[in-house]
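Trainee: I have a structure open and would like to learn how to read it. Where do we start?

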Amino acid sequence: VGLQATLTILALSSTLISQRVLLSRESYRAAQNQGKLLLHDIKSKKLERTLSLGPGPQSLYATCCAYNHNGQLLVAGCSDGTVRTLDLRHSEVIDSWSGHQGAVTALQLTPDQNHCYSLGQDNKLYRHSFNQTKQPVWETQLPYSATCFTLDQSGQHILMCGQNGASINQISVGGVAPVLKLSSTSVAACHWANANQCGTCVTAGLDGKVEIFTLLTP
């Protein structure tokens, strides 16, 4: 009996510099369970190459990912709770660190590109320095369930989203402090963009509803 592979796209990230898009794929083929990162050219819509996440459990796959500012490095959060940095020029993993119990659900680089925030299924939020990744430079245990987040352009505020809605929090030494509640409905994805003195927060719910919030910044 022949087995057909069932493919599920788990994460997506793109860079405008090289006009490429990267997909995280989970394969349920019996002979090959380890997930792959697929690098596609946006113009030609062709697969350029397949990237490995390096050593790990057989069921390893990337759950979220983000490019750095020049598109040469990719940071990927994985199903085993690790965060891995890939050098796309050489198609290899150059660094990795662990800390989350369960999968990494979201990550984002800070505006200065020197640190990486990661959120896990354990509801812990970590910040790691790329100069010293083995231990977090900051961490907090969230008192509520969150599935995704996004930073503002200063890196001092964070939009936390999950089943309980969306809220803006201020990042401090002791953790995160709520500043403004935006929504009370379940949120599955979010984004925060700034232009001039105006900030725009976009949230998307599992019910298909998209909400846009405009904020005035000092």
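Mentor: Start with one residue and its surroundings. Beyond its neighbours within four places in sequence, Asn169 is in contact with Tyr144, Gln156, His157, Ile158, Met160, Val176, Ala177, Pro178 and Val179. Keep in mind that this is a predicted model.

Trainee: Is Asn169 buried or exposed?

Mentor: Asn169 counts as buried, because its relative accessibility is 2%.

Trainee: Which backbone oxygen does the side chain of Asn169 reach?

Mentor: That of Ser167, at 3.1 Å.

Trainee: In which strand is Asn169 found?

Mentor: Asn169 belongs to strand S15. Here is the general idea for strands. In a regular strand the side chains alternate between the two faces of the sheet. Now the case here. Strand S15, residues 165-172, pairs with strand S16, residues 175-183. The pairing is antiparallel and runs over seven bridges.

Trainee: What is the bridge partner of Asn169 in S16?

Mentor: Pro178 is the bridge partner.

Trainee: How many residues does the hairpin use to join S15 to S16?

Mentor: Two residues link S15 to S16 in that hairpin.

Trainee: Now a sheet, please. What is the order of strands in the open sheet of four?

Mentor: Read the order as S9-S10-S11-S12, with antiparallel pairing. Strand S9 (104-109) and strand S12 (138-141) stand at the edges. Each has a single partner strand, so one side of each lacks a neighbour in the sheet. Neighbouring strands of this sheet are turned by 15° against each other on average, direction ignored.

Trainee: How many bridges do S10 and S11 pair over?

Mentor: Five bridges, in the antiparallel sense. S10 covers residues 115-120, and S11 covers residues 124-129. Take His115 as an example: its bridge partner in S11 is Ser129.

Trainee: Next, cysteines. How many disulfides does a search of the whole structure find?

Mentor: The general idea comes before the count. A disulfide is a covalent bond between the sulfur atoms of two cysteines. Here the search finds zero disulfides.

Trainee: Are Cys148 and Cys161 buried or exposed?

Mentor: Cys148 counts as buried at 8% relative accessibility. Cys161 counts as buried at 1%.

Trainee: How far apart are Thr50 and His40 in space?

Mentor: They are 9.1 Å apart, C-alpha to C-alpha, and 10 residues apart in sequence.

Trainee: Last topic: confidence. What does the protein chain average in pLDDT?

Mentor: The average is 86, and 83% of the residues score at least 70.

Trainee: Where does pLDDT stay under 50?

Mentor: Residues 1-6 stay under 50, and the model gives them seven contacts beyond four places in sequence. Residues 27-33 also stay under 50, with 13 such contacts. Where pLDDT is low, the predicted coordinates should not be read in detail.

Key. Residues are numbered from 1 along each chain as its sequence is written. This is a predicted model: local features need pLDDT of at least 70, side-chain atom pairs count only at pLDDT 80 or more; totals for chains, interfaces and linings use all residues. Side-chain values use heavy atoms; hydrogens and water are left out. A disulfide is a pair of cysteine sulfur atoms within 2.5 Å. Buried means under 20% relative accessible area, exposed over 50%, partly exposed in between (1.4 Å probe, protein chains only). Two strands pair if DSSP finds at least two bridges between them. pLDDT is the predictor's confidence in each residue, from 0 to 100. Contact means heavy atoms within 4.5 Å. Axes are lines fitted to C-alpha atoms, for helices over the stretch in contact, and angles run from 0 to 180 degrees between N-to-C directions. A polar contact is a pair of N or O atoms within 3.5 Å; within protein, one must be able to donate a hydrogen and the other to accept it, and residues adjacent in sequence count only if both atoms are side-chain atoms.
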